[in-house]
Amino acid sequence: MIRTLLARASLVATAVCAATLLTAAPAAAHGADAPNGSDYRTRATGVTPARPGLEVRVIEAGARLELTNDTGHPIEVIGYSGEPYLRVGPDGVYENTRSPATYLNRTIAGDTTLPADADPAAPPSWRRIADGSTARWHDQRALWQESAPPQAVRAAPEREHRVRDWTVPLRDGADPVRIDGTLDWVPPPDAYTWWALTIVGALAVGALGLLAAASPAGIRALSGLGALLIAGGAVAVVYPVGRELDAGAQGVGGVLVGLLSGQVWSLLTGLGAIAAGCYALVRRPAADFAVALAGACLALLAGTANAAVFARAIAPVP
């Protein structure tokens, strides 16, 4: 009887999940080269002249710009040579296949090889790339792409520096419009302090394993570790969800598509940690093994994989 109920519940859950994914709008999942942290703070200060319904924001720790056009008519984003690059309007998002920016902006480094027909002087050839009225793209004008920081930063790395004010030209019909923004270098935190706290915490957690499991102190320690594991698992789930929302994923289906296509390990690790923590709190047999295994997976797959944020001033999730 129990097996039949579990089988039916699994089938229902699978069907619901499949329906959610299949009916979800295309997710704006975070880019494959979105940074895990940065020392450069990119801000969009506004659109000049202002257009009601036209909004711009910076996403993915400054890696991409997001433009939403609800004005009811198309707005063009202008490429690096003055050519039309993107067209965003009520009928969707289009890219000009003749614009070099279409190919250069596919990676944050701008190192894509240009095809032979990429010619900014040629008439635009529009290709639809998305539904809706929102476009997201890397833009070299809003990024610092050199491997070394600016000279002013090297001279005084302990202070914040304005690297430059940037603009991205737009076109509203025949009227010129522009996105204004700033790019600043922000001093990173002291990574050694964070690593020291992490190591001390890991040693303290490991020391709890020296307590006898059947003793009152051991039981309390295991319950405490279970609660800690639940908290860590929740963070491991919320963090990738936050990255998907920051990148513009819409609704539960959109977030799920983004998670399953790019951040499934972090999601599964977090859910496993929550399950192991609950298992420990109800004092099930072999809970110590479950806690140890889930904790190790959490540290490796969700912790170490994102440890770059220790040494970065700008986190990838606002």
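The model is predicted; local features need pLDDT of at least 70, side-chain atom pairs count only at pLDDT 80 or more, and totals for chains, interfaces and linings use all residues. Residues are numbered from 1 along each chain as its sequence is written, and side-chain values use heavy atoms, with hydrogens and water left out.

Side chains of opposite charge can pair when their charged atoms come close. The structure holds 17 salt bridges. A salt bridge is a side-chain nitrogen of Lys or Arg within 4 Å of a carboxyl oxygen of Asp or Glu. One of them joins Glu160 and Arg41, with N to O at 2.4 Å. This pair links distant parts of the chain, 119 residues apart. Glu160 sits in the loop between helix 3 (151–155) and strand 9, whereas Arg41 belongs to strand 1 (residues 40–48). Helices (H or I, at least four residues) and strands (E, at least two) are DSSP runs, numbered from the N terminus. Arg41 counts as buried because its relative accessibility is 18%. Glu160 has a relative accessible area of 41%, so it is partly exposed. The cut-offs are under 20% relative accessible area for buried, over 50% for exposed, and in between for partly exposed (1.4 Å probe, protein chains only).

Glu66 has two salt-bridge partners in this account. Its side chain meets that of Arg57 at 2.6 Å, N to O. Arg57 is partly exposed, at 31% relative accessibility. Glu66 itself counts as buried, at 7%. Glu66 also forms a salt bridge with Arg136, the closest N and O atoms being 2.8 Å apart. Arg136 is partly exposed, with a relative accessible area of 23%. Elsewhere, salt bridges that share partners join Arg41, Glu160, Arg162, Asp165 and Asp184 into one network.

Arg171 lies in strand 9 (residues 161–172). It is partly exposed, at 29% relative accessibility. Leaving aside neighbours within four places in sequence, Arg171 is in contact (heavy atoms within 4.5 Å) with Pro74, Ile75, Glu76, Ile78 and Pro84. Pro74 is 97 residues away along the chain, yet the C-alpha atoms of Arg171 and Pro74 are separated by 8.9 Å.

An unreviewed UniProt entry annotates residues 192–214, 221–242, 262–282 and 289–315 as "transmembrane region". Such annotations may be inferred rather than shown by experiment; their positions are given in the numbering used here, and feature names are shortened. Residues 192–214 are 74% helix and 0% strand, with end C-alpha atoms 37 Å apart. Residues 262–282 are 90% helix and 0% strand, and their end C-alpha atoms are 33 Å apart.

Helix 5 (residues 216–246) has 31 residues. The expected span of a helix is 1.5 Å times one less than its number of residues. Helix 5 should therefore span 45 Å, and its end C-alpha atoms are 45 Å apart, in agreement. Gly248 follows helix 5 and has a positive phi, near 105°.

Trp265, Leu268, Leu271, Leu300 and Leu301 make a nonpolar surface patch of about 560 Å². Patches are made of residues with over 30% relative accessible area and no salt bridge; like charges are joined within 9 Å, and nonpolar side chains (Val, Leu, Ile, Met, Phe, Trp, Tyr) within 5 Å. Accessible areas come from the Shrake-Rupley method with a 1.4 Å probe; for residues, only the protein chains shown count as cover. Helix 7 (264–281) and helix 8 (287–303) each supply at least two residues of the patch. Helix 7 gives the most, with 3 residues. Leu268 lies in helix 7 and is partly exposed, with a relative accessible area of 46%.
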